[in-house]
Amino acid sequence: MQDLDAILGSASERIDGASSLEDLDAVESELLGRRSYINQQRRGLGKLDPADRPAAGARLQQAADQLQGLIDGRRRVLERQAADRLLADDLVDVTVPRRPVRQGRSHLITQTIDEISDIFTAIGYQIADGPEAETAWHNFDALNTPWWHPSRLESDTMYLDYGDPEDEILLRTQTSTVQARVMESQPPPVYVLAPGRCYRTDTIDATHLPVFHQFEGLAVAEGITFADLKGTLAYFARQYFGPERTIRLLPHFFPFTEPSAEMHVSCFACDGSGCRVCGNNGWIELLGCGMVDPNVFEAVGYDPSDVTGFAFGGGIERVAQVRHGIHDMRHLIDNDLRVNEQFV
Amino acid sequence: MRVSHRWLRDFVDLPTSDPDEIEALLAGLGHEVEGIETLDLPFSGVEVARVQSIRPHPDADKIRLVTVDRGSGTQEVVCGAWNFDVGDIVTLATVGAVLPGGFEIGAREIRGVVSEGMICSERELGFGDDHEGILVLAGDYELGRDFADYLELPDVVYELSITPNRPDAMSMLGIARDLAAKLDVELRQPEIRVDEVDPSTGLEIEIQDPAGCPRFVGREVRGVMSGASPMWMQSRLRAAGIRPISNLVDATNYVMIELGHPTHAFDLDQVAGEKLIIHRAGPGDTLTTLDGVERPLDPGDIVISDAEGVVSLAGVMGGGPTEVSEATTRVLVEAAHWHPPAILYSSKRHNLRSEASARFERGVDPSLSGRAAARVTQLLVDNAGGEAATGVVDVYPAPVEPWTVELPMGEVERILGIPIGSDVASGLLTRLGMEVAGTDPLVVRVPTSRPDLTRPIDLVEEVARLYGFEHIPETLPHGTGGGLTPEQRRLRRLRSILTGAGFTEASTLGFIGVSDLDALDLPAEDPRRATVRVKNPLSEAEETLRSTLLPGLLRAAARNRAYGRDDVALFEVGRVFRNRPAAIDSRVPHQPVHLALLVTGQLHGPLEPVDDPADIFDVTAVLQTMAERLGWSDVGLRQADVAGLHPGRAAVVTKDGEVIGTLGEVHPSAAGRFDLPQRVATLEMRIAPLLTEPPWWSFGPPSVYPPHKFDLAFEMDRSVAAADLMTVVRSAPGTGLESVELFDEFDLGGGRKSLAVTVVVRASDRTMTDEDAQQVRRAIIDHVQLELGVKLRGGE
């Protein structure tokens, strides 16, 4: 059995030395084939003392398995090398965008509306809409706007040549119309957000579009307070502009709310110390808001001694412009794909 | 409203001069600061001097040598101006003075005479623009005193945006009152005193339109001499953004800024009959206003007439002939209260916006008219050497009295969300000039200067405003829930299907012109011709509301082409408008939400060398995908003639047999009119039918048995629609038909074509035999022959 040790000792070098599958076949035949030393020894087992046979047989089998294992391992290596030589011709430049997936983008306005809608549905609001071609009653009268108010003039509001001249029909100038639409159609409590298109007689420039979008929030129930308005707007500011944001409300005037306020959010770019984004002010003016005026409740048939409510309204374009640094509103209606494809 | 810090300090002691702190104070009161302007002294080293003597220059004709008295001594300077005399008070830039532009004054020799300083013009001092001569000062000045002391400089001006509910805040005194209330300090009122001199005025006032003019106060001031106002007044007016004109005009402007009540000064000698009549303009009335424009008047305009005709457009602008001038010696001071909407409409109508109309249209305090007239009179006496005639003509048939509002303290808490003590609320309201009695409710007497405070809620706002919004906590109420409606969720899904298919969303303005409908060659009876017109459109090209989304998208595609991008896929979701009543409210027009999409150009990647520009089949594919992903299997297509589209490449979109839209390639002539020379494929449809929730889909278990597959090629007339063939194949009798797919279309010529389908048959309960599959094949062939008269290509 001295020879077996010698064979095993030199086998791995010989197996690894086989440089082709043919070489390896020859080595295998030599080591394990019919005329191999191991095979000859097996055939000679019968001549041994029966007591020695099992041990000798086991030893031979063990050596054969060991050699077979080495040969199989080498074969896998050689086979893969052979396959790789063939695949080398199938080389590609992986950086070539040969078949791009062409996907479009939804408009920034849509994305912003969806995002703000999600912020408010998360606290139990529903999303409402109303007609864009609207009655003057819903746009002005129901919202406590006096008949002589300058916003009713044709220099501010677009009127339509439609229907009964008694019901002046116009293009809504604010989504606040939805306040009246919702309240006249259902009893309180009301928690709605109404995003949508509005129209004003404005000349197009960097900061004005005659057609733009607003979002109107309305919460009406027993016990709604100005503190609730503050908390709701602070929640919105943190959701939309980041968890570090704070807000402030400054007294203002709107016909349909009282008290009325203008909401400012601490600048997300400089954290309130003053920068280009906030005009060195530390605060960004975001939207108008206030407690629903009792006259509005009366116009829609709610009893102002039963319920209170707050409303707020902001520009969709405005919040999106602030967040994404779009200085010229005209980019939002040009539909230039170089712009719209930036709306990730 | 421009508010001068120095002027403000006449009425209220401010705790700070830091503009940021003042801004925060004002903003907290609801007066937004839109800008802060710092007014610096433009010069140094200029003092007041009196001309003592003048002598000619020995060597020059055009300049003179002037000796001035500086109080502490005299000095001679050379001067080229001739507009002054001995005794006049002038400004002297002494040696070392620095004038605007860094111009430093030194001793200078002019034609052999040394001039130690210079007498200055307004322009040389950096204010005003009068440079015709040197500045001659009127009024009391101390010789030798630094001229800067008279200019109220440096100063800081806050540009405030005053909300329309606060007419009282359109004045220095109004802003001072708010600040004094917020700071809880004293408010100092200007001292107004008029010493009247006999004889009495003969002035007459007649109000024929008491609704338009509830009050008119007239006073007469005699013996005035027109000239320049004192420097302090000119400076204050400039700070307020008003150009000083003369002591007569400046007095009225000063009072307007100080008290918030506009007034007008007439030259009484030019008022025919010394009588003013207030009425609405009659037919044919015209007025040549101060700006020299002759204006036809509207029956809605309130006007003031004398015995000969209209002399003033009330509250907006006076007339030229009765204007005060340098020759005026008798002034009629008008302080009237006008009906705010009338002034608003007059100023809009005549496009005349003035400081006065801005105040009248908000509503000036009618109780203030008497004080305003007295204040102007006082200033005319002080600054123009006039005498106040005895008597005030005050026509005020129905005086407005302060009114009472009761404020239950529970209401304050119900609105604001925090309890505020009645003593605190009472104190805040008192500081604003209200008289408060009681504890709960507070019984509040509101001054006539605050027409915005008539209800308890108005007082809640005032309490909150002074208390400070920042002291109210933040609480977050939750709504009743429910989330998005199924329609809203499905619209989001629709958008994501479209963007996934490569379409980018557009947003167009929503107006079209009739020319757009003409460009699409729409016939008169096309429903898209039933447009709604805008009465006051932005332009003629945007005179109607869109009745179709197509023109907007076509224009967007053309614009992208102009930007260098020929390959465009866009969609838009938005309302269109039709001239018939809406279902939700019959008063407003029908305004359904439409979806439109457009695709043109090469949509493959640039590396794929396929010259295969987008066409109608890109659109039918998207329609198919939308229908499948939204769960509607009954959305179909029918070849049709559609106005505006290519006659051979157009279809109507149907759902449940009802037409819900159209698709196809834009007619090449129409596309050309929108500057799109290539193929443009589009779709436009009502969106509501797709957003309705379909019945829940039911699971079909996949068969575990092996399939049989075979192909069938049919030959038929070109007019047979592939969709019809597929429908017939699918409806073949028998069992086991799993799927049918079209895989080839081939033009055989002579008006014939071939359509080839792959059929998969498979049973759910067993392995089908070849004979079973053959039976299905036979059934399909027979059924197609029966239904369509179409045979297999080449026969069986």
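Student: Is B:S115 buried or exposed in this predicted model?
Tutor: Start with its setting: B:S115 sits in strand 9 of chain B, residues 113-116. Its relative accessibility is 2%, and the cut-off for buried is under 20%. So B:S115 counts as buried.

Student: And which backbone oxygen does the side chain of B:S115 reach?
Tutor: Look beyond the neighbours within four places first: B:S115 is in contact with residues including B:E76, B:V77, B:G106 and B:I110. As for the side chain, at 2.9 Å it reaches the backbone oxygen of B:G117.

Student: Over in chain A, what distance separates the end C-alpha atoms of helix 8?
Tutor: Helix 8 covers residues 226-241, which makes 16 residues. At 1.5 Å a residue they should span 22 Å, and the model agrees, because the end C-alpha atoms are separated by 22 Å.

Student: How many residues of helix 8 of chain A are buried?
Tutor: The helix is mostly covered. Out of its 16 residues, the buried ones number 14.

Student: What happens at the two ends of helix 8 of chain A, and what phi does A:G242 take?
Tutor: At the start, a side-chain oxygen of A:T225 comes to within 3.2 Å of the backbone nitrogen of A:A227. Just after the helix, A:G242 has a positive phi, about 115°.

Student: How are helix 4 and helix 12 of chain B oriented to each other?
Tutor: Helix 4 spans residues 172-183 and helix 12 spans residues 456-467, and their axes come within 9 Å, crossing at roughly 70°. Angles of 65 to 115 degrees count as roughly perpendicular. The two helices are therefore roughly perpendicular.

Student: Which residues make that contact, and how many are charged?
Tutor: Helix 4 of chain B brings B:D178, B:A181 and B:K182, while helix 12 of chain B brings B:R465, B:L466 and B:Y467. By class there are three nonpolar and no polar residues, and the charged ones number three.

Student: Which chain B residue is in contact with A:H213?
Tutor: A:H213 lies in strand 6 of chain A, residues 211-221, and is buried at 7% relative accessible area. Setting aside neighbours within four places in sequence, its contacts include A:I109, A:R197 and A:E317. From chain B, the contact is B:S507.

Student: How far apart in space are B:G648 and B:V293?
Tutor: B:G648 belongs to strand 38 of chain B and is partly exposed at 43% relative accessibility. In sequence, B:G648 and B:V293 are 355 residues apart. C-alpha to C-alpha, they are separated by 64 Å.

Methods: Residues are numbered from 1 along each chain as its sequence is written. Chains are lettered from A and ligands numbered from 1 in the order in which they are written. This is a predicted model: local features need pLDDT of at least 70, side-chain atom pairs count only at pLDDT 80 or more; totals for chains, interfaces and linings use all residues. Side-chain values use heavy atoms; hydrogens and water are left out. Helices (H or I, at least four residues) and strands (E, at least two) are DSSP runs, numbered from the N terminus. The expected span of a helix is 1.5 Å times one less than its number of residues. Buried means under 20% relative accessible area, exposed over 50%, partly exposed in between (1.4 Å probe, protein chains only). A polar contact is a pair of N or O atoms within 3.5 Å; within protein, one must be able to donate a hydrogen and the other to accept it, and residues adjacent in sequence count only if both atoms are side-chain atoms. Axes are lines fitted to C-alpha atoms, for helices over the stretch in contact, and angles run from 0 to 180 degrees between N-to-C directions. Angles under 35 degrees count as roughly parallel, over 145 as roughly antiparallel, 65 to 115 as roughly perpendicular and the rest as oblique. Contact means heavy atoms within 4.5 Å. Ala, Val, Leu, Ile, Met, Phe, Trp, Tyr, Cys and Pro count as nonpolar, Asp, Glu, Lys and Arg as charged, and the others, Gly among them, as polar.
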